[in-house]
Amino acid sequence: MTRPTARRTSPRVLLVHTLTFRQARSVVPVALAVIAGRGLQGSPATVVALVVGVTVLSLLWAALAWWRTSYLAGDTAVVLTRGLVSRSVRTVPNDRIRGVEVEAPPVHRLFGLVRVRIDAAAGTVASEDEELVIDGVLRAEGDRLRAQLLSRRAVVATEAAGRHSAPEPVEEELHRFRNRWLLYSPLVGSYLVLPLAGVGALFRLLDEVPDRYVPRPGQLIGSPDLSDGWLVLAVVGGALVLLALGAVLGSAVVNWRFRLVLRGGSLIAERGLLTRRHTDLEVDRIRGCAVSEGLGMRLVGAARATALVTGLGDAARRGQLLPLGPREDGWQLTDLLVPSPGTLQRHPAAARRRRLGRAVAPGGVLLVAGAVLTATAGWWPLLVAGAVLTALGVPLGLARYAALGHATGPTSFAVRSGWLVREHVVLQRRAVVGWEVRQTVVQRRAGLATVQACVGAGQGGYSAVDMAAPEVAGFTRAASGSWASALAG
Amino acid sequence: MSAPTPVREPVWSLSRKAIALWVAQGAVGTLCYGLVVGAFWLLVPLDAGAAVAPARWAGAAFVLAYAVLTLAVRPRLRFRVHRWEVTGEAIYTLTGWLTRTWTLVPISRVQTVDVTRGLLQQLFGLATVAVLTASSQGTVRVPHLDLDVARHVADHVARRAEKTRDEAT
């Protein structure tokens, strides 16, 4: 094996950075301000000169940055050196590498380049600082880096385990995203937010542009007659259709041709229309799975499945097994990775009373306040609002109670809760690194307690809300090791 | 107590000096609120508005109630509730005074053990032992132990964790 030497990224990355104005972006607001201040009274030549100037500056900047950046994938660590004036050297030891992600944003793809993200998160508190990014290497080099880094890691792992024969890497496709699942996206909150965020960005941009260049809608189409109910209805309907279309489009961009493959000891997920991402998850680090169903998703039987992986940065995105799809598919995947502990056990009637009480309380307060106001000042709208809210609280409380449940099996256990987003989490017994039992004054009088399993993956803790207090010790003992018997009297 | 506890109580109490520390904390809080209310009495004249007189008395009543709660009631209640224990396999605590929290962490999953001493704790010769795991939620804190006890416990847990650690995540 030849001694690894420090390499530069591909020079083609200069073109990418120039095209995207990566370095020159900081100049643009200044330029805009100058234009706004002086006005564009100059000839078109001025504009051309400005554009050329910014482009050349950007190219120069990118070239300097490229020249000063190098990476080295050695036998023991990956080292990235960069910085124009103040040099920074980041080293990630190979045995600390938790995952390698190869992504290809659209402009990179144009030039056959990829960006390699090396994840070395130490705990569940992930931050940008814990990853190392090599931006702009040829696709082949990116794949070579990924293979090299992951195989090294596998060697370290097998040596640690005392095994000598590496398993044959057999590839098995677990599932593939079907385009008709995109139709679920208007019912998912996070995808509905996408077009709204787009509109928000547009408004921010309009804010930056000097006022006289902004067309006034009133001047263009004349002032609309708002008294016409049909017009308002049409506008609202049109906006809803656009929102739904935007959600489908956004979801397509993110999830396009999602594919989940099991190769050797890793799960590999590929996704994305414009930016293509390649994410590696070690099966050995998976501690559990979460199947979440939002309010809208439950109407059509859709779900999202996520793997809970220890030491994975940005786990909510990278751990996705099924970004959006039928509930059955989500459960099929989950059962494959973590054996199901069986059907959920319901929580006691006291839990239903508590959920109902909590759901009705805000409406009840308004109702009382409204009654006082009606009696003293004759002002009744608050009374009506309170009554409506109280009435709505009843189905809400019942639905929240119906979501509660827990189960224990021979190697795993499950908890479920939530109404807006119902989350059903199945965890391996070995995942538990601690138990936290909580009891408020109200819970104590009702004979309930909330039990949280502390896990070094995902959100860090998953709770069985309002379990019957006498069952707690049995549940913790069944859902983790013998050490939990310390909780039983 | 109206209902049995969901899980058993750990056996050991905190240092008795913890009561004094909580009383001191309550005294500091009472002093701060007292200064605010005192300033209101002195600086806002009675004829500044109709609400001044009731506000004065409400402020005084609040300070009094706060003092009774934090000096006389809460420290003793807390001391009665707080318990801790290091068993053969785990560290076990019970904290809180209205909402109670039992936390159990197996020694095999312990990642780090910290001993910290705040300013007040140093005055009273106390220390807090914090046992951290791979989970952001799974942290056990045993507050207000005598300093030598805290040091001894931290040492003991760290040594045992080293011996029995499996995967720790």
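Trainee: Which residue in S3(B) is the bridge partner of Val437(A)?
Mentor: This is a predicted model, in which local features need pLDDT of at least 70 and side-chain atom pairs count only at pLDDT 80 or more, while totals for chains, interfaces and linings use all residues. Residues are numbered from 1 along each chain as its sequence is written, with chains lettered from A and ligands numbered from 1 in written order. S17(A) pairs with S3(B), residues 100–106 of chain B, in the antiparallel sense over 5 bridges; strands pair if DSSP finds at least two bridges between them. In S3(B), the partner of Val437(A) is Trp102(B).

Trainee: Which element gives the most to the side of chain A that touches chain B?
Mentor: In this interface, 34 residues of chain A are in contact with 26 residues of chain B (C-beta atoms, placed from the backbone, within 7 Å). S17 (432–439), H14 (441–446), S18 (448–455) and H15 (472–479) of chain A each supply at least two residues to that side; helices (H or I, at least four residues) and strands (E, at least two) are DSSP runs numbered from the N terminus. The most, 7 residues, comes from S17(A).

Trainee: How many charged residues are on the side of chain A that touches chain B?
Mentor: Asp, Glu, Lys and Arg count as charged, Ala, Val, Leu, Ile, Met, Phe, Trp, Tyr, Cys and Pro as nonpolar, and the others, Gly among them, as polar. The side of chain A that touches chain B has 16 nonpolar and 14 polar residues, and its charged residues number 4.

Trainee: Is Asp466(A) buried or exposed?
Mentor: Asp466(A) is found in strand S19 of chain A, residues 461–468. Its phi is positive, about 55 degrees, although Asp466(A) is not a glycine. With 25 other C-beta atoms within 10 Å, where 20 or more count as buried, 12 or fewer as exposed and anything in between as partly exposed, Asp466(A) is buried.

Trainee: Where does His144(B) lie?
Mentor: His144(B) is not a glycine, yet its phi is positive, near 55 degrees. His144(B) is buried, having 25 other C-beta atoms within 10 Å. The element that holds His144(B) is strand S6 of chain B.

Conventions. Two residues are in contact if their C-beta atoms, placed from the backbone, lie within 7 Å.
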